Amino acid sequence: MDDETRDMTAFLVVCLREIERGIDESAAVWEKRDYWIKAEQLRQRWDWVAFSADKLDHIIRSEGWDKLPELMIKLFPRFADVKVTRFTRSPELWAGAYEKFLSQVR
């Protein structure tokens with residue numbers, strides 16, 4: 001496991017947590033309008049995000065890197081329809097993310 005892979009994995013957890021917050025915010029808006037079923041459907045459709053972030057978090061903190069490929073294979077179908085036509089992210093985005101992640105208190 002090289003440093004860049006560790007950084008990218010930590011950055012992925014951060015991104016998934018941001019998605020999770022967005023889901024909660026969106027569901028809260030539906031609930032304010034009394035669309036309880038719609039809010040619950042949204043949460044159920046995206047429940048894999050929190051689960052995946054938790055699993056990745058555990059892999060990082062326990063240094064269970066041997067479990068990373070299996071989890072990434074499970075995540076692949078979630079992103080299979082995303083078409084990347086060119087590299088759009090600079091490595092500076094995730095550089096140092098692993099150390100920063102480990103320094104954060106859960």
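Trainee: Is Glu 63 buried or exposed?
Mentor: This is a predicted model. In it, Glu 63 is exposed, with a relative accessible area of 54%; the cut-off for exposed is over 50%.

Trainee: Where does Glu 63 lie?
Mentor: In the loop between H3 and helix H4, the latter covering residues 68–79. Glu 63 is not a glycine, yet its phi is positive, about 55°.

Trainee: What about Asp 34, where is that?
Mentor: Asp 34 sits in the loop between H1 and helix H2 (36–45). Its phi is near 65°, a positive value in a residue other than glycine. Asp 34 is exposed, at a relative accessible area of 55%.

Trainee: New topic. At what angle do the axes of H1 and H3 cross?
Mentor: Roughly 150°, and the axes come within 9 Å. Angles over 145 degrees count as roughly antiparallel, so H1 is roughly antiparallel to H3. The crossing of H1 past H3 is left-handed.

Trainee: Which residues make the contact?
Mentor: From H1, they include Thr 9, Leu 12, Val 13 and Leu 16; from H3, they include Trp 48, Val 49, Leu 56 and Ile 60.

Trainee: How many nonpolar, polar and charged residues does that contact have?
Mentor: The contact of H1 with H3 has 12 nonpolar, two polar and four charged residues.

Trainee: Back to Thr 9: buried or exposed?
Mentor: Thr 9 counts as buried, because its relative accessibility is 7% and the limit is under 20%.

Trainee: What does Thr 9 touch?
Mentor: Leaving out residues up to four places away in sequence, Thr 9 touches Leu 56, Ile 60, Trp 65 and Leu 68. A polar atom of the Thr 9 side chain also lies 2.8 Å from the backbone oxygen of Thr 5.

Methods:
Residues numbered from 1 in each chain as written. Predicted model: local features only at pLDDT ≥ 70, side-chain atom pairs only at ≥ 80, totals over all residues. Heavy atoms only, no water. Axes fitted to C-alpha atoms, helices over the stretch in contact; angles between N-to-C directions. Helix = DSSP H or I, 4+ residues; strand = E, 2+ residues; numbered from the N terminus. Parallel < 35°, antiparallel > 145°, perpendicular 65-115°, else oblique. Left-handed = near helix turned anticlockwise from the far one by under 90°. Contact = heavy atoms within 4.5 Å. Nonpolar A, V, L, I, M, F, W, Y, C, P; charged D, E, K, R; others polar. Buried < 20%, exposed > 50% of the residue type's maximum accessible area, 1.4 Å probe, protein only. Polar contact = N/O pair within 3.5 Å; in protein donor to acceptor, adjacent residues only side chain to side chain.
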